[in-house]
Amino acid sequence: AAFCYANAIYNFFYAPKLSWGSYFLYNWFSVLTHSTYFAFYLNFSVAILFIILDVIWKQKRTLFKIICILFIVFLSFTIYLLSSRAGLLSLLIILIWRIIKFFINYKNIKLKIGIVILFATFIVVASQNYRVQAMIKELKAMNNKQDEKTPSRMIIWKNSLDVFVNNFWLGTSPADATTELDKNMLKKYNFQKAVDKHFNSHNQFLQTAVEYGIVGLLVLLTMLSSAFILAFKSKNSILLWFLVLLVFNFLFESMFEGAVGIIYIFFFINFLVLVFEKRIFLKHIDKLDFI
């Protein structure tokens with residue numbers, strides 16, 4: 001995040017090719033990876049910071065609490081600048097969770113009123129983001145029966161569903177998925193822009209179904225369900241929130257289509273399940289010979 005801010009400030013002063021605020025928004029700001037992936041990382045960090053606050057809240061560690069709160073504010077503001085709609089909605093889910101938990105655990109009326117005001121302010125500010133405005137227009141267009149008003153992502157999802165149904169059992173294979181999606185997109189929807197850009201499904205569940213059929217989709221759902229069951233049984237809130245954010249982002253992005261998504265997701269699933277939860281390595285560390 002610090003590098004993105006530094007890069008945006010440098011471009012603002014020394015490479016003013018865009019309007020004054022553009023370098024601080026969306027993919028012009030997120031120079032290291034796509035804004036949706038970056039927002040996913042930051043939302044997970046926000047969830048972890050809230051969990052840490054739960055642990056230390058009743059302790060006399062005022063400075064640590066202030067640092068955590070400042071980092072939450074900083075990361076939330078950065079997510080706003082990233083302008084990822086999935087990222088902003090993920091942050092909204094986290095904030096709703098925190099508000100509900102706060103109202104259950106605390107009885108201070110003034111604090112509750114303050115929290116509600118802050119949450120309302122967040123909603124108003126977030127709704128002014130140009131990407132959120134575009135999403136609102138798309139949602140309104142869904143009620144319009146004219147085909148040319150149908151949001152592009154809705155067409156992409158419908159196209160992926162068509163290809164999945166036509167290759168129901170084993171899918172198209174990853175190698176042929178793009179070709180089949182483009183072919184059906186041009187033939188049925190005449191959406192040349194999607195064909196030119198070779199759009200994937202923009203939904204990991206649909207993408208898996210297209211590439212591996214119902215068999216692959218069931219495997220993915222089984223893996224996620226098993227991880228959720230483990231998180232609930234062990235009361236591992238960090239793993240649970242990672243999975244919640246992961247599944248939510250799966251609805252809007254094909255996150256296994258790039259190494260930046262695969263490495264991050266499987267690293268944390270392995271870390272949170274094998275090391276953090278079951279402590280497989282720590283349990284047997286006394287048996288290892290490092291010399």
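## A helical chain, briefly

Start at the N terminus and walk along: the elements run α-α-α-α-α-α-α-α-α-α-α-α-α-α. That comes to 14 helices and zero strands. Keep in mind that this is a predicted model.

**The chain overall**

- The chain has 291 residues, and buried ones make up 41% of them.
- Its accessible surface comes to about 17,400 Å², and carbon and sulfur atoms account for 69% of that area.
- Take the contacts between residues at least 6 apart in sequence: 65% of these join residues at least 24 apart.

**H3 against H4**

- Helix H3 covers residues 35-56 and helix H4 covers residues 62-82; their axes come within 9 Å and cross at roughly 160°.
- Angles over 145 degrees count as roughly antiparallel, so H3 is roughly antiparallel to H4.
- As for handedness, the H3 and H4 crossing is left-handed.
- On the H3 side, the contact is made by Ser35, Phe38, Ala39, Leu42, Asn43, Ser45, Val46, Leu49, Phe50, Ile52, Leu53 and Ile56.
- H4 answers with Phe64, Lys65, Cys68, Ile69, Phe71, Ile72, Leu75, Ser76, Thr78, Ile79 and Leu82.
- Sort the residues of this H3 and H4 contact by type and you get 17 nonpolar, five polar and one charged.

**H9 against H11**

- Helix H9 (residues 174-189) and helix H11 (residues 204-234) have axes that come within 8 Å and cross at roughly 110°.
- Because 65 to 115 degrees counts as roughly perpendicular, H9 is roughly perpendicular to H11.
- The crossing of H9 and H11 is right-handed.
- H9 brings Pro174, Ala177 and Leu181 to the contact, while H11 brings Gln207, Val210, Glu211 and Tyr212.
- By type, the residues in the contact of H9 with H11 are five nonpolar, one polar and one charged.

**Two residues with positive phi**

- Tyrosine 26 has a phi near 55°, a positive value in a residue that isn't glycine.
- You'll find tyrosine 26 in helix H2, which spans residues 26-29.
- The cut-off for buried is under 20% relative accessible area, so tyrosine 26, at 16% relative accessibility, counts as buried.
- Histidine 202 also has a positive phi, near 55°, and it is a residue other than glycine.
- Look for histidine 202 in the loop between helix H10 (192-197) and H11.
- With a relative accessibility of 13%, histidine 202 counts as buried, going by that under-20% cut-off.

**Around phenylalanine 228**

- Phenylalanine 228 sits in helix H11, the helix that also crosses H9.
- Leaving out residues up to four places away in sequence, phenylalanine 228 touches Leu240, Leu243, Val244 and Val247.
- Tryptophan 241 is 13 residues away from phenylalanine 228 along the chain, and their C-alpha atoms are separated by 9.7 Å.

Methods: Residues numbered from 1 in each chain as written. Predicted model: local features only at pLDDT ≥ 70, side-chain atom pairs only at ≥ 80, totals over all residues. Heavy atoms only, no water. Axes fitted to C-alpha atoms, helices over the stretch in contact; angles between N-to-C directions. Helix = DSSP H or I, 4+ residues; strand = E, 2+ residues; numbered from the N terminus. Parallel < 35°, antiparallel > 145°, perpendicular 65-115°, else oblique. Left-handed = near helix turned anticlockwise from the far one by under 90°. Contact = heavy atoms within 4.5 Å. Nonpolar A, V, L, I, M, F, W, Y, C, P; charged D, E, K, R; others polar. Buried < 20%, exposed > 50% of the residue type's maximum accessible area, 1.4 Å probe, protein only. Areas by Shrake-Rupley, 256 points an atom, 1.4 Å probe, with all protein chains shown as cover.
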